[in-house]
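Dear colleague,

I am passing on a structure that you have not worked with before. Please look it over first, and then read the notes below it.

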Amino acid sequence: MGLGLFRSVAILKYLASTYDVPQNWYPRDPQRRAKVDEYMAWQHLNTRMNTAKVFIFEVLIPQMTSQPVDDQKVSKALKDLEGTLDMLETMFLKDKPFLCGDDLTLADLLAICELMQPLGGDRDVLKERPKLASWRSRVQSALGKTFEDVHAIVYRLRNKSRL
């Protein structure tokens, strides 16, 4: 019987530990790995939750119910997200090129996927945050075409919201 995992962080850790992937993704060095683990433990109730709320209130609920956007809920979600963005800048990114150091890691992949979600409602949550916007550009550059492929659905939602 195969291993059944249902949480993205557990799946990523398992894959990086089981297969011969480049060290940058999930470093073997305990101190470097601990920094990646720290972000992955933090992100569930911060980056993931707060970007998801913006996306849900601004995109999913209106599309699924044909009801207008609840501006109060979106405003509250954006306020919560501001604290998360502050922490990303000051606690994780600081003055490094990537969230956990000089190399792109699983932490960056998790973060960028979450932070791109609000773009589905044509909301760039990093637009007013030059430090994080530069980080996004570095991640996008490092991933190349894969970045665009992975976020194609977000771009389609954004374009649909512009109509």
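Predicted model: local features only at pLDDT ≥ 70, side-chain atom pairs only at ≥ 80, totals over all residues.

Residues are numbered from 1 along each chain as its sequence is written, and side-chain values use heavy atoms, with hydrogens and water left out.

The UniProt record, in an unreviewed entry, lists residues 29–163 as "domain: GST C-terminal"; such annotations may be inferred rather than shown by experiment, and the positions are given in the numbering used here, with feature names shortened. Over residues 29–163 the chain is 74% helix and 0% strand, with the end C-alpha atoms 49 Å apart. Helices (H or I, at least four residues) and strands (E, at least two) are DSSP runs, numbered from the N terminus.

On the surface, a nonpolar patch is formed by Leu3, Leu5, Ile11, Tyr14, Leu15 and Tyr19, which together have about 540 Å² of accessible area. Patches are made of residues with over 30% relative accessible area and no salt bridge, where nonpolar side chains (Val, Leu, Ile, Met, Phe, Trp, Tyr) are joined within 5 Å and like charges within 9 Å; the areas come from the Shrake-Rupley method with a 1.4 Å probe, and for residues only the protein chains shown count as cover. Leu3 lies in the segment before α1 (8–18), and it counts as exposed because its relative accessibility is 59% (buried is under 20%, exposed over 50%, partly exposed in between, with a 1.4 Å probe and protein chains only).

Asn46 sits in helix α2 (residues 30–65), and, residues up to four places away in sequence not counted, it touches Thr51 and Thr84, contact meaning heavy atoms within 4.5 Å.

Most residues other than glycine have a negative phi.

Arg158 is buried yet has no salt bridge, and the nearest side chain of opposite charge, that of Asp122, is 4.8 Å away. A salt bridge requires a side-chain nitrogen of Lys or Arg within 4 Å of a carboxyl oxygen of Asp or Glu; Lys and Arg count as positive and Asp and Glu as negative, with His and the chain ends not counted.
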